[in-house]
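Dear colleague,

Please find below the structure that I am handing over to you, followed by an account of what was found in it. I would be grateful if you could read the two side by side.

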Amino acid sequence: MNVELYEKIWMWAAGVLLATFLGVIVLMAGVEAVQPPGHIETIDPATLSRDPEFAKPAVKVGSDGSVTVPVVASMFEFSPSPIEVPASRPVTFRLTSSDVIHGFEVVNTNANAMAIPGYVTQFTVTFPQPGEYLVACNEYCGLQHHAMVGKLIVTREAR
Amino acid sequence: MTQRHALGAAHIGVAVAAFGVASCMGLLQAFSLADIPFPLRSEELYYISLTAHGVLMALVFPIFFIMGLGYTLSQESLGRLAGARVAWAAFWLGAAGAALAAITILRGQSTVLYTFYPPLQAHPLFYIGATLLVVASWIWGAVMIASYRAWRREHPGVPVPLSIHGMLATVIIWYLATAGLAAEVVGMLVPWSLGLVKTVDPLLARTYFWWFGHPLVYFLLLPAYVLWYSVLPQVAGGRLFSDSLGRMVFILFVVLSTPVGFHHQFADPGISAGWKLAHTITTYAVLYPSFVTAFTIIASLEVAGRMRGATGLFNWVRTLPWGDPFFASVALAMIAFIFGGFGGAVNAAYAMNAMVHNTAWIQGHLHVTLGTTVALTFMGATYWLLPRVLGREVRFPRLARVQPYMWFVGVALFSTSYHVAGLRGLPRRVYSGSLTGDLGGPWHTLAQLAAAGGVVIFLSALTFVIIVLTTWASGRQIEAPAFEFAQALRPVSRMGVWDRFGLWTLIAMILVAAAYVYPLVTLLAHTRYGSPPFQPF
């Protein structure tokens, strides 16, 4: 195949650019643990109301100070709401749905994941800025989808 | 209408009709999201029109256009169409399927959006109609392959024209992609919607959907590339810079376009981070052929400029035929793709994806890529095709000259606004940009700017549809101009490694298996709980 010099330079440059993009992602995944949720855990959506963790979901602070937030998304609300968590500490969300697929987006933060019935989505986020945040459903879930909002309060002092 | 191209013309007619209906719905949505009041505004109307807009714009319009383009190119480049009668049967099957699905949507029985994630459940005819449309496209693929094989028997050892090479790559990608769709729709959703099974696993269905959903993008993009490679340099008055690299590009898409679906599921549970990373690598790899395309096409345009007499470093740009609607459409489509392509690279990066996932950024991105790179190329190609397939002169040529620029300006305003709104957290697909929360968001002005862009896009779409309809009905009858395809600066005289479709298809299948079998088996090995249907619409 006859490839001209300029073409060759361009093709190598494009390859290097893409390799750099990928390299940054792999590096951040390895060094800074910037990872997507990769947790596989199933749960029966029909019996959520009897589940010890999700029947009355509430923020839990472990003896080691770790913060865990179980969240149930359902048409058209989040439970618990408001969610109150401390600033600058890793907060692990455990998210599921009791009916259709919902989204759980804490606006202006990196918390953004899907709530899928039958599964638990687990991910950890740190909120550096205290304040009140809007929680929005960002997956269409029915005619009141846009109205499915909640609140997250990030408090200043660690509890 | 010239009898030879009746089939191609019929498909393009359906495509333009679907496009016209969907354009009106797009306008309603942009207004609703910006909280601009209009009569009949309601949640129900918004989500119905959102479903219809997605199904018509992302599936019906491009699938019919691509089928029509494929038949037309086969007639012209291969001088034949094997099984024209079967192809007509497929046309009616596909049109009936699309109509069935559309009726259930407009009646409000299938307000599930074009992603139709279960456990939202549509009317059974929605799934069955979609299946018929896909079966029709499978028949189209078989006709394309049969035409190629008949040509091949008469031309052993000769490289197939690049336009057909690209269309065959499109067909292969479509078969690889729709295998996932068939597993979801035929294997899960049709029996579930008929009540034959009580529950489905929403994550499994989603995974099958994105097995289909991303290569769908390349199925839509490749026919646009076919036009860029094989028609654009000719219309610009130049030569195709490299024929062999074009072949490489199409084959790289065959190999890389399907094993990438998890980049749509970064935010999902049930798939390990390692497999998400594996799909990220292929996602970045599949950007590569587009970089090569950028060089080849721009070099071809420089050749055209020089053949038109340009001598300076950049003044060849000015000598290009910016007043030709086909040229202008494709050139603007390519400029849009610079933003669309890099936007895609942003979406595929985990950290950025957490910010933009399911926000208005995504609808901004889709309207740059599918909505401009693909759709504007297809609109421009329609101006090029109509005289050739109908034997009629395009009506209102001055309007046709302006229409692509209107589209570009409208999309620039629309998509920039939604990209920014998405970065600021506006969720996608919402009836009202103010949501109903106490806190709201700084989105109102951006949503209104997007709506203003939407008005310009709509006027451009309306202009396009009017030109097509009037040309069809009352364009001056002329002798159909010849289909002239671009000649390569360095033509390929012998078949090479990029012409071995069987080998590359096999490699692509192995990669799809490598990307999906292990994560699917892992998922299926868990105790899973299915979901009953919900119809909150």
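A:S74 is found in strand β2 of chain A, which covers residues 67-74. Please note that this is a predicted model. With a relative accessibility of 14%, A:S74 counts as buried. Neighbours within four places in sequence aside, the residues in contact with A:S74 are A:S98, A:D99, A:H102 and A:M148.

Cysteines

A search of the whole structure, over all chains, returns 0 disulfides. A disulfide is a covalent bond between the sulfur atoms of two cysteines. A:C137 is buried, its relative accessible area being 2%. A:C141 also counts as buried, at 0% relative accessibility.

Backbone geometry

Most residues other than glycine have a negative phi, and most peptide bonds are trans. The following places in the model deserve a note against that background.

In chain A, the peptide bond that runs from A:S81 to A:P82 is cis, and its omega is near 0 degrees. A:P82 lies in the loop that links β3 (77-79) to β4 (83-86). A:S88, although not a glycine, has a positive phi of about 60 degrees. This residue is placed in the loop between β4 and β5 (90-97) of chain A. A:S88 is partly exposed, with 49% relative accessibility.

In chain B, B:P118 and B:P119 are joined by a cis peptide bond with an omega of about 10 degrees. B:P119 is found in the loop between α3 (84-106) and α4 (124-154). B:F396 is not a glycine, yet it has a positive phi of about 50 degrees. The loop that holds B:F396 runs between α14 (360-390) and α15 (397-423) of chain B. With a relative accessible area of 33%, B:F396 is partly exposed.

The interface of chain B and chain A

The size of an interface is often given as the accessible area lost when the parts come together. Between them, chain B and chain A bury about 5800 Å², and 71% of this area is on carbon and sulfur atoms. Chain B brings 79 residues to the contact and chain A brings 64 residues.

How many salt bridges cross the interface of chain B and chain A? The rule finds 3 salt bridges there. B:R429 forms a salt bridge with A:E139, in which the closest N and O atoms are 3.5 Å apart. Polar contacts across the interface of chain B and chain A amount to 16 residue pairs, with both residues at pLDDT 80 or more.

On the side of chain B that touches chain A, several helices of chain B each supply at least two residues; among them are α2 (43-78), α6 (202-230), α8 (243-256), α9 (273-285) and α10 (288-307).

With kind regards

Conventions. Residues are numbered from 1 along each chain as its sequence is written. Chains are lettered from A and ligands numbered from 1 in the order in which they are written. This is a predicted model: local features need pLDDT of at least 70, side-chain atom pairs count only at pLDDT 80 or more; totals for chains, interfaces and linings use all residues. Side-chain values use heavy atoms; hydrogens and water are left out. Contact means heavy atoms within 4.5 Å. Buried area is the accessible area (1.4 Å probe) that two parts lose on being put together, summed over both. A salt bridge is a side-chain nitrogen of Lys or Arg within 4 Å of a carboxyl oxygen of Asp or Glu. A polar contact is a pair of N or O atoms within 3.5 Å; within protein, one must be able to donate a hydrogen and the other to accept it, and residues adjacent in sequence count only if both atoms are side-chain atoms. Helices (H or I, at least four residues) and strands (E, at least two) are DSSP runs, numbered from the N terminus. A disulfide is a pair of cysteine sulfur atoms within 2.5 Å. Buried means under 20% relative accessible area, exposed over 50%, partly exposed in between (1.4 Å probe, protein chains only).
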